[in-house]
Amino acid sequence: MTDQISEARGNGRDGAVLAWILYILSIPNANLLALVGLVVAYACRGSATGLAAQHIEAQISLFWSVFWITIGLWGLIAVSAVASILLIGIPFLILFGLLLLLVTIWFTVKSVLGLLALLNDRPA
C-alpha cells in the first residue's frame, strides 16, 4: 500500500520539498538560497516522476519568470535614478521600487502555496 502511495507521489518528492523550502528561505538572505533551490530543482528534474516532476517544473518556471521580471524592474529603477537628477524620475523610482517589493512578496507567497500543495499531494 505504501509503495502505491509513494509511486503516486512520484520520485523526487524530497528534492521538490527542499527546493520549495529554499525558495521560501531565500528572502532573508538576498535571494541566494533561491539559486541553490534552482540547482536542486534542476538536479532532481531528470529523476522526478508524477506530482514531484510537476512541482519541479513549476519551481523552475517560477524562478525564471521572477528573474526576468526583476531584471526588467532593476533596469527601470536605474533609468528612474538617472532621471531623478531632473526630479522627474522620483515618482517612477518609488513606483518601480514598490513593484520590486510586490514581486518579492509574490515569489514568497507562490513558494509557500507550492510547498503546501506538494505536502497535500496537489499540483502546484
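In which crossing, left-handed or right-handed, does H3 pass H4? H3 passes H4 in a left-handed crossing, where left-handed means that the near helix is turned anticlockwise from the far one by less than a right angle, and right-handed that it is turned clockwise. The contact is made by Ala34, Leu35, Leu38, Ala41, Tyr42, Cys44 and Arg45 of H3 with Ile56, Glu57, Gln59, Ile60, Phe63 and Trp64 of H4; contact means heavy atoms within 4.5 Å.

The model is predicted: local features need pLDDT of at least 70 and side-chain atom pairs count only at pLDDT 80 or more, while totals for chains, interfaces and linings use all residues. Residues are numbered from 1 along each chain as its sequence is written, and side-chain values use heavy atoms, with hydrogens and water left out. Helices are DSSP runs (H or I, at least four residues) numbered from the N terminus.

## Helix packing

Two packed helices are described by the angle between their axes and the distance between the axes. Axes are lines fitted to C-alpha atoms over the stretch in contact, and angles run from 0 to 180 degrees between N-to-C directions.

| Helix pair | Axis angle | Axis distance |
|---|---|---|
| H2 and H5 | about 155 degrees | 9 Å |
| H3 and H4 | roughly 140 degrees | within 9 Å |
| H2 and H3 | roughly 165 degrees | within 7 Å |

Angles under 35 degrees count as roughly parallel, over 145 as roughly antiparallel, 65 to 115 as roughly perpendicular and the rest as oblique. H2 passes H3 in a left-handed crossing. This contact joins Gly15, Leu18, Ala19, Leu22, Tyr23 and Leu25 of H2 to Leu33, Ala34, Val36, Gly37, Leu38, Val40, Ala41 and Cys44 of H3.

H2 and H5 are also roughly antiparallel to each other, and H2 passes H5 in a left-handed crossing. On the H2 side the contact is made by Arg13, Ala16, Val17, Trp20, Ile21, Tyr23 and Ile24, and on the H5 side by Phe107, Lys110, Ser111, Val112, Gly114, Leu115, Leu118 and Leu119.

H2 covers residues 13-25 and reaches 18 Å from its first C-alpha to its last, close to the expected 18 Å. The expected span is 1.5 Å times one less than the number of residues. Buried residues in H2 are Arg13, Gly15, Ala16, Val17, Ala19, Trp20, Leu22 and Tyr23; buried means under 20% relative accessible area, exposed over 50% and partly exposed in between, with a 1.4 Å probe and protein chains only.

Rings of Phe, Tyr and Trp (its six-membered ring) pair if their centres lie within 6.5 Å; planes under 30 degrees apart count as stacked, over 60 as edge-to-face and the rest as tilted. The count by this rule comes to 8 aromatic pairs. For Trp20 and Tyr23 the ring centres are 6.1 Å apart and the planes stand at 85 degrees, so this pair is edge-to-face. Trp20 and Tyr23 are 3 residues apart in H2, which separates them by about one helical turn. One aromatic cluster is formed by Trp20, Tyr23, Phe63, Trp64, Phe67, Trp68 and Phe107.

## Helix H5 and what follows

The 30 residues of H5 should span 44 Å at 1.5 Å a residue, and its end C-alpha atoms are 44 Å apart, which agrees. Its buried residues are Phe96, Leu100, Val103, Phe107, Ser111, Gly114, Leu115, Ala117 and Leu118. H2, H3 and H4 are among the elements that cover them.

Phe107 counts as buried at 5% relative accessibility. Leaving aside neighbours within four places in sequence, Phe107 is in contact with Tyr23, Ser26, Ala34, Leu62 and Val66. Of these, Ser26 is 81 residues from Phe107 in sequence and 9.9 Å away in space, C-alpha to C-alpha. Ser111, also in H5, has a relative accessible area of 0% and is buried.

Asp121 lies in the segment after H5. Most residues other than glycine have a negative phi. Asp121 is not a glycine, yet its phi is positive, at about 60 degrees. Asp121 is partly exposed, with a relative accessible area of 36%.

Ala52 is found in H4, which covers residues 50-83. At 0% relative accessibility, Ala52 counts as buried. Ala52 and Gly12 lie 40 residues apart in sequence and 5.7 Å apart in space, C-alpha to C-alpha.

Technical notes: Helix = DSSP H or I, 4+ residues; strand = E, 2+ residues; numbered from the N terminus.
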